[in-house]
Amino acid sequence: MYSEKVMDHFANPRNVGEVEDANAVGQVGNAKCGDIMKISMKIEDDIIKDVKFKTFGCGAAVATSSMATELVKGKTVDEALKVTNKAVMEALDGLPAVKVHCSVLAEEAIGAAIQDYYQRNGIDKKVEKGCNGCCGSCDHHH
């Protein structure tokens with residue numbers, strides 16, 4: 001059963017599309033479920049000025065992408081890197097256990113976009129984001 005917030009973000013997703021002059025783009029996918037998320041950002045003075053997403057997947061994938069963009073918009077890069085899949089799930093008032101991987105993808109997409117930003121700008125930092133196999137709802141880690 002999905003929360004009202006999940007249903008709202010699925011039916012009325014925020015920040016859909018691509019940022020035209022993006023300087024940070026990340027795409028991640030989960031081969032097992034077929035979900036693919038692409039997040040594009042415009043980062044200026046270390047602030048995420050604009051962020052949009054394109055997601056191919058289930059309703060939970062769309063909802064988590066939408067919420068993730070809301071959570072990082074206007075934040076600094078460091079603040080955005082602190083957004084975890086748990087924070088995305090909490091902001092959506094929870095997800096069914098079999099859909100937790102969608103929130104992990106959202107976290108990974110944010111990390112991938114910021115890693116892209118670092119590479120484009122010659123910043124020697126490694127983004128460590130993503131699943132650690134904690135929930136067991138996917139075969140992400142063996």
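Mentor: Helix H5 covers residues 100–120, 21 residues in total, where helices (H or I, at least four residues) and strands (E, at least two) are DSSP runs numbered from the N terminus. From first C-alpha to last, H5 reaches 31 Å, close to the expected 30 Å; that expectation is 1.5 Å times one less than the number of residues. Because 18 of its 21 residues are buried, H5 is largely enclosed by the rest of the structure; buried means under 20% relative accessible area, exposed over 50%, and partly exposed in between (1.4 Å probe, protein chains only). After H5 comes Gly-122, with a positive phi near 65°.

This is a predicted model: local features need pLDDT of at least 70, side-chain atom pairs count only at pLDDT 80 or more, and totals for chains, interfaces and linings use all residues. Residues are numbered from 1 along each chain as its sequence is written, and side-chain values use heavy atoms, without hydrogens and water.

Most residues other than glycine have a negative phi. Strands S2 (residues 35–44) and S3 (residues 47–56) run antiparallel, joined by 9 bridges; two strands pair if DSSP finds at least two bridges between them. Lys-38 stands opposite Lys-54 in S3. In the hairpin of S2 and S3, 2 residues lie between the strands, and Asp-45 in the turn has a positive phi of about 50°. Asp-46, in the loop between S2 and S3, has a positive phi near 70° and is partly exposed at 36% relative accessible area.
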